[in-house]
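Dear colleague,

I am passing on the structure we spoke about, with the sequence and the coordinates together below. My notes on what turned up in it follow.

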Amino acid sequence: MKQYLSFSEEVRHALDHQLPIVALETTIISHGMPYPQNVEMANDVEQIIRNHGAVPATIGFMDGQIKIGLSASELEEFATNKNVAKVSRRDIPYILASKKIGAATVSGTMIGAELAGIRMFATGGIGGVHREGEVTWDVSADLTELAETNVAVVCAGCKSILDIGRTLEYLETLGVPVVGYQTTEFPAFYSHQSGCDVSVSMDTPEEAAAMLDAKWKLGLKGGAVIANPILEADAIPYDEIEAIILQAMHDAKNQGITGKQVTPFMLANVKERTGGKSLEANIALVKNNAKLAAQIAVALNRSES
Ligand code: PSU
Ligand code: MN
């Protein structure tokens with residue numbers, strides 16, 4: 001297995017000294033945001049994690065290896081290269097064997113993180129059950145990954161390009177805890193409201209760490225979703241963004257967008273339609289999640305030792 005893993009010096013050092021580490025994904029860089037905001041976001045988010053006492057480990061696939069921790073030039077490569085594949089669980093064997101470059105989704109990042117011994121992960125939003133999923137069967141591999149892999153994901157919920165209610169039902173079936181951070185309502189990415197309840201609400205990083213510690217010490221396989229609402233100042237009102245999402249979905253349908261193209265298409269389309277406002281909100285919420293993930297990683301590190 002070791003031949004497929006490669007660590008940056010910073011992450012290697014953190015692992016050797018049992019420092020708190022937060023994993024970060026590359027799909028959000030390669031397929032979630034335009035250049036140069038994507039690479040700026042990636043660097044800023046890493047720095048926020050360091051400022052809160054943890055070590056960032058951005059994960060991607062390159063040269064036949066799972067890279068745990070990327071250099072500045074590697075981050076730039078993920079931000080600019082047009083041939084970066086989008087890699088979830090099913091795509092990992094091929095991307096490694098072919099030595100092509102691939103960005104890790106939430107699913108791909110969780111796998112890399114677990115192999116490296118990293119428990120916390122910060123991102124923007126998770127994938128889920130798509131609207132009309134009962135017809136298309138478009139259900140993100142992120143959900144089944146959360147049932148399998150022992151990594152907690154801090155996110156701002158999921159976008160209402162997804163069917164949020166069915167996404168939460170699916171997570172319940174799979175036994176994945178969904179924690180609302182300082183909220184009882186599952187956040188809808190750009191806004192707080194989704195009309196859907198979380199399974200449990202928590203107010204401090206220590207509470208979340210204690211829950212994760214209990215889950216994993218009991219050997220209860222799988223991750224958890226820590227849903228951290230976007231800060232009020234950065235949010236876009238639900239009704240405003242909902243109208244735009246419906247238009248973007250209409251475009252996707254007309255243009256025959258399917259499979260793993262759906263999420264990147266929707267993100268780019270919504271960005272255009274909001275005149276860049278959705279991108280700003282997206283960047284702000286990722287930063288907010290990085291901070292919380294670092295705080296939980298620090299608390300978890302204490303309860304484990
Ligand atoms: N949601 C976002 N931004 C993203 C993604 C989801 O708000 O960048 C990315 C993540 O990498 C997630 C992936 O794992 O999209 C899900 O893709 P799909 O829906 O094809 O499973
Ligand atoms: Mn899909």
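A polar contact is here a pair of N or O atoms within 3.5 Å, where within protein one must be able to donate a hydrogen and the other to accept it, and where residues adjacent in sequence count only if both atoms are side-chain atoms. Helices (H or I, at least four residues) and strands (E, at least two) are DSSP runs, numbered from the N terminus. With those terms in hand, at the start of α6 a side-chain oxygen of Thr105 reaches to within 3.2 Å of the backbone nitrogen of Ser107.

Please keep in mind that this is a predicted model, in which local features need pLDDT of at least 70 and side-chain atom pairs count only at pLDDT 80 or more, while totals for chains, interfaces and linings use all residues. Residues are numbered from 1 along each chain as its sequence is written, chains are lettered from A and ligands numbered from 1 in the order in which they are written, and side-chain values use heavy atoms, with hydrogens and water left out.

To stay with helix α6 (residues 106-116), nine of its eleven residues are buried, so the helix is largely enclosed by the rest of the structure; buried means under 20% relative accessible area, exposed over 50% and partly exposed in between, with a 1.4 Å probe and protein chains only. Among the buried residues of α6 are Val106, Met110, Ile111 and Ala116, and just after the helix Gly117 takes a positive phi of about 85 degrees.

Not counting residues up to four places away in sequence, Ile101 touches residues including Phe61, Met62, Phe78 and Ile95, contact meaning heavy atoms within 4.5 Å.

Turning to the strands, two of them pair if DSSP finds at least two bridges between them. Strand β1 (residues 5-7) runs parallel to β4 (residues 65-68) and is joined to it by three bridges, with Ile66 as the partner of Leu5. Strand β3 (residues 55-62) pairs with β4 in the antiparallel sense over four bridges, and here Ile66 is the partner of Phe61. Two residues separate β3 and β4 in a hairpin, and Asp63 in the turn has a positive phi of about 50 degrees.

A nonpolar core is a set of buried Ala, Val, Leu, Ile, Met, Phe, Trp, Tyr and Cys residues joined through side-chain atoms within 4.5 Å. The largest one holds 107 residues, of which Met120, Ile126 and Phe186 touch the most other members, and its largest share, 13 residues, comes from helix α13 (residues 277-304). Leaving aside neighbours within four places in sequence, Phe186 is in contact with residues including Ile164, Leu168, Val198 and Val225.

Lastly, a charge sits over a ring if NZ of Lys or CZ of Arg is within 6 Å of the ring centre and within 35 degrees of the ring normal. The charged end of Lys159 is placed in this way over Phe189, 3.5 Å from the ring centre, and that of Arg12 over Phe7, 4.7 Å from the ring centre. Phe189 is buried, as is Tyr190.

With best wishes
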